[in-house]
Amino acid sequence: MIHVPAEPAGRLSDAWRACVGTGRLGLALRRDYQDSLALLQRDIGFRRLRGHGLLSDDMGVHRPYEWQGSRRTHHSFTYLDQVFDALLATGIRPFLELGFMPREMASGTQTVFWWEGNVTPPADEKEWTRLVRAVLTHLIDRYGLDEVRTWPVEVWNEPDLPPFWQDADEAAYHRLYEVTAHTVKEVDAELAVGGPALSPAADGWLERFAEFAERRDVPVDFVSRHAYASGPARNVPFGTHQTLAPASTLLDQFAQPHTALAGTPLAGLPVHITEFNSSYRPDNPIHDTAFHAAYLAPVVAAGGDHADSFSYWTFSDVFEETGIPTALFHGGFGLLTHRQIRKPTYHLYAFMARMGEEQLARGDDHLVTRHADGRITVLAWAPVDPTGETPGPDRHTLRLSLPVVGEGGGEVFVRRSSVDEERGNAYTAWRHMGSPRSPRPGQLDMLHEASEPARSHSRLPVDNGRTDLTVTLARHEITLVELTPVDDETPPWWDERRLLGGEPA
């Protein structure tokens with residue numbers, strides 16, 4: 001039995017909801033995307049959204065033209081306005097990522113992804129900085145300076161990887177960062193600019209970035225990197241399989257910037273993990289499973305110890321980096337499939353959204369919080385072995401002694417919501433259906449129904465301000481238990497034995 005103290009250990013960090021990822025921003029023009037975002041914000045309520053492609057050609061911002069014998073540039077905000085209007089209407093703000101390079105401005109032809117984002121430096125730095133200045137100035141004019149000052153500005157994405165930055169040229173990235181950061185500050189000194197948005201493989205890049213920033217007196221308001229725990233990809237048609245490191249590896253990666261920057265001028269700056277997930281592949285079936293939710297539960301519960309934000313990559317399977325998805329469940333990054341079917345990891349986040357403000361306890365398989373009104377909330381998960389070599393028992397039991405508001409006896413109302421291999425798991429239902437690539441309307445209804453967590457209700461006695469809770473978890477289960485003191489208003493004449501009109505025994 002674990003004795004949970006009545007005094008809080010502190011406030012529960014909300015770094016887990018500070019940001020979430022998305023496919024390229026142009027996808028926000030689609031109805032499926034906007035419907036998914038509305039559902040996400042209703043159930044979870046993330047504060048910011050980060051995605052690629054703000055300056056890519058499908059957004060149509062950079063529009064060069066010829067007039068009177070000279071090359072000129074028109075900056076068009078038709079799609080940009082629609083995207084940001086849609087985001088703000090759902091209560092989520094942008095985390096701006098400046099990239100990729102507009103084709104007519106690029107120094108080369110190298111691209112990344114199915115939608116061909118250009119990853120080469122600008123042919124003309126002045127044209128690039130004019131673009132950055134024009135976009136930020138327009139956003140301030142449209143949404144107000146106070147609002148846009150709350151939108152972090154990140155320069156590029158994973159420049160340490162050749163697919164994302166031509167030849168992974170570190171000096172060229174430093175130059176891009178320098179001219180961009182100064183431009184951001186020229187627009188408004190209070191805008192927060194940072195980077196370098198490094199991949200987990202970026203050995204030494206962050207330390208050298210700090211040295212460069214100090215040497216060149218370049219503004220840096222936050223540092224950012226990414227975290228993934230998967231090994232090399234083993235490809236199959238329209239899919240990928242990978243080994244996974246223990247989930248604690250992700251927490252180690254979250255903590256790495258603080259360690260690397262200790263003793264540098266960047267020490268103490270906010271750290272934003274602007275992408276994280278188990279696998280870095282958008283076609284790995286692990287993302288769709290109950291295992292995935294149980295695997296990430298300790299990361300979501302404890303990540304705020306190591307970073308100011310950690311952004312799940314991504315909120316929706318409306319995502320096209322490797323092409324248009326070939327099936328409803330295809331291993332996409334999303335918390336939601338197309339057509340808003342919730343995956344088990346979606347429920348992990350929805351459960352976190354119902355946790356209290358005060359953290360009472362945290363362990364290898366649980367997180368206990370208390371709301372301001374005294375309600376106790378327990379998130380519990382079945383520990384997993386990422387190697388699959390020791391799948392663990394079919395049952396995992398957690399016993400907690402919990403503090404309850406009030407003195408003496410009484411009872412608490414217990415509401416439990418659970419997701420595991422069978423319950424709250426549309427992926428399992430889809431597999432039982434025969435894995436239909438394009439489910440019919442009736443099948444979609446069944447899948448939405450299958451994605452509902454299992455719920456149960458009961459009461460527990462309170463003795464001397466405490467109640468004992470036993471939670472038995474199925475394999476790969478995550479569960480949310482909410483305990484509310486009972487104020488019993490049952491009339492004194494009520495007798496369950498008389499429901500059918502008989503006399504009491």
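**Why these words?**

Reply: Happy to! Phenylalanine 100 is found in the loop between β8 (96-98) and β9 (111-112); helices (H or I, at least four residues) and strands (E, at least two) are DSSP runs, numbered from the N terminus. This is a predicted model, where local features need pLDDT of at least 70, side-chain atom pairs count only at pLDDT 80 or more, and totals for chains, interfaces and linings use all residues. Residues are numbered from 1 along each chain as its sequence is written, and side-chain values use heavy atoms, with hydrogens and water left out.

Me: What makes the peptide bond from glycine 99 to phenylalanine 100 stand out?
Reply: That bond is cis, with omega near -10 degrees. Another cis peptide bond joins glycine 195 and proline 196, with omega about 5 degrees. Proline 196 has its place in strand β12 (residues 193-198).

Me: Why is glutamine 242 called buried?
Reply: Buried means under 20% relative accessible area, exposed over 50%, and partly exposed in between (1.4 Å probe, protein chains only). Glutamine 242 has 11% relative accessibility, so this residue counts as buried.

Me: How do you know that glutamine 242 touches tyrosine 280?
Reply: Contact means heavy atoms within 4.5 Å. By that rule, and not counting residues up to four places away in sequence, glutamine 242 touches several residues, among them Ser230, Pro232 and Tyr280. The C-alpha atoms of glutamine 242 and tyrosine 280 are separated by 9.7 Å, with the two residues 38 apart along the chain.

Me: What makes the pairing of glutamine 242 and asparagine 284 a polar contact?
Reply: A polar contact is a pair of N or O atoms within 3.5 Å; within protein, one must be able to donate a hydrogen and the other to accept it, and residues adjacent in sequence count only if both atoms are side-chain atoms. The two side chains make such a contact at 3.0 Å. A polar side-chain atom of glutamine 242 also lies 2.8 Å from the backbone oxygen of glycine 231.

Me: Which residue caps the N-terminal end of α10?
Reply: Asparagine 425 does, with a side-chain oxygen 3.2 Å from the backbone nitrogen of tyrosine 427. After α10 comes glycine 434, whose phi is positive, near 105 degrees.
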